[in-house]
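Hello,

Here is the structure I promised to pass on to you. My notes on what turned up in it follow below.

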Amino acid sequence: MHALQPKHIKLKPEEVKKLIEKYNISRSQLPKIRINDPALPQGCIPGDVIKIERIEEDKIVPYFRVIVP
């Protein structure tokens with residue numbers, strides 16, 4: 001991983017459930033990220049949800065993506 005690249009974390013199933021309940025959305029409504037994206041951690045498969053932590057104005061801001069083929 002490059003030093004300037006945001007951290008990509010694969011969420012556990014219980015974390016995905018909490019996220020979906022919190023925002024009252026379905027998994028298909030999340031923004032998409034391709035399986036061949038080089039920033040993804042090893043062992044990811046389509047359907048997994050990824051948390052991307054970006055630093056904006058000295059705060060860590062989370063973004064969520066679902067992996068698609």
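Let me begin with Asp-48, which is buried, with a relative accessible area of 14% (buried means under 20% relative accessible area, exposed over 50%, partly exposed in between, with a 1.4 Å probe and protein chains only). Before going further, please note that this is a predicted model, in which local features need pLDDT of at least 70 and side-chain atom pairs count only at pLDDT 80 or more, while totals for chains, interfaces and linings use all residues. Residues are numbered from 1 along each chain as its sequence is written, and side-chain values use heavy atoms, with hydrogens and water left out.

The side chain of Asp-48 forms a salt bridge with that of Lys-10, at 3.4 Å from N to O (a salt bridge is a side-chain nitrogen of Lys or Arg within 4 Å of a carboxyl oxygen of Asp or Glu). Asp-48 sits in the loop between β2 (32–34) and β3 (49–56) and Lys-10 in strand β1 (residues 7–10), so the pair ties together parts that are 38 residues apart in sequence. Lys-10 itself is partly exposed, at 38% relative accessible area.

The structure holds two salt bridges. Glu-53 and Lys-51 also meet through their side chains, at 3.6 Å from N to O, and Lys-51 is partly exposed with a relative accessible area of 24%.

Of the 69 residues, 26% count as buried.

Most residues other than glycine have a negative phi. Asn-24, however, has a phi near 55°; Asn-24 lies in the loop between α1 (13–23) and β2 and is exposed, with a relative accessible area of 71%. Glu-57 likewise has a positive phi, of about 50°. Glu-57 belongs to the loop between β3 and β4 (59–68) and counts as exposed at 74% relative accessibility.

Best wishes

Methods
Helix = DSSP H or I, 4+ residues; strand = E, 2+ residues; numbered from the N terminus.
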